[in-house]
Amino acid sequence: MDIGEARKPQDGAITFQIDSSELNLRISTLPTKQNESLAIRILPKSESFKLSELLLFPYQAKQLKQCMTRKSGVTLLTGATGSGKSTLLYALLEELLKEQAYQIITLEDPIEKELFNVHQVQVNEKSGITYQSGLKSALRHDPDILMVGEIRDRETAKFVFHAAYTGHLVLTTLHAKNATGTIHRLIEMGIKPIDISQNLLAIASLELIPLTIDGRVRGRTAILELLNDQLISTYLQTFDQDSINYPSFEYLKRKAVAYGYANQNILESKPGKAPN
């Protein structure tokens, strides 16, 4: 970050040590009329989460990994800001590396967590390393898995799906409200339905809910709306949500309440559709 620049928004990252603990800080600045607003996200550097630990229902971790058995295609993690997309993405990469050796290249802005045996590239537009230029160069290194930190614009979206067409497995994130809303976001970004049907392996939309243990809130955990390639293709034919059968956020919240993992106040007034 340029400490002399106060007129433009900036993003950066730094490692900070408190006693024996190392923390990764993700920093974002926003120019305001009075001064600059500064936001800091704190991530424990040494702490590593298993994929199943991040999700309320462990079977969803198995379902997500099953979507990664192909050698080419796109897997999208979506959700609101702060919903845990990046944390889940890192955990998924580490889980895959434990099971098999992969050539993995990441393009991130900024790099939030250092990964062993992974080639991590810091996007830096000032020095000419944009998502587009980084993707072009990364494809020449023939990675087994390509991780793109975030789809931010039409060009990045098109390049991600182009990488899938050329035989690469791509993991990335996108801001979207839910799983079916992700498909509409992609179409708005210029991705044709036929390209989505042929290349999109899975959509995992995240939402964090308060985790209740012994009647007290003990942190937050994630639930997933998960669409595989078959459900995605079916939805693209009609764009009718009732045509596909999957556990919605509302259904998963009711299930969490029924199992005693969450309080009743997380439920919305409209009941969720239960899958067959």
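Are Lys 113 and Glu 94 buried or exposed? Both Lys 113 and Glu 94 are buried. Keep in mind that we're looking at a predicted model here. Side chains of opposite charge can pair when their charged atoms come close. Lys 113 and Glu 94 do form a salt bridge, with 3.5 Å between the closest N and O atoms. The two partners come from distant parts of the chain, 19 residues apart: Glu 94 sits in helix α3 (residues 85-99), while Lys 113 belongs to the loop between β5 (104-108) and β6 (119-122).

Stay with that loop for the next pair. Asp 109 forms a salt bridge with Arg 152, and here the closest N and O atoms are 3.1 Å apart. Asp 109 is in the loop between β5 and β6 and Arg 152 is in the loop between β7 (145-148) and α5 (154-165), so this pair ties together parts that are 43 residues apart in sequence. Asp 109 counts as buried because its relative accessibility is 16%, under the 20% cut-off. Arg 152, at 38%, counts as partly exposed.

Now move further along the chain. Glu 207 and Lys 253 meet through their side chains in a salt bridge, at 2.7 Å from N to O. Glu 207 is partly exposed at 23% relative accessibility, whereas Lys 253 is buried, with a relative accessible area of 5%.

Salt bridges can also share partners: Lys 65, Glu 95 and Glu 99 are joined into one network that way.

Technical notes: Residues numbered from 1 in each chain as written. Predicted model: local features only at pLDDT ≥ 70, side-chain atom pairs only at ≥ 80, totals over all residues. Heavy atoms only, no water. Salt bridge = Lys/Arg side-chain N within 4 Å of Asp/Glu carboxyl O. Helix = DSSP H or I, 4+ residues; strand = E, 2+ residues; numbered from the N terminus. Buried < 20%, exposed > 50% of the residue type's maximum accessible area, 1.4 Å probe, protein only.
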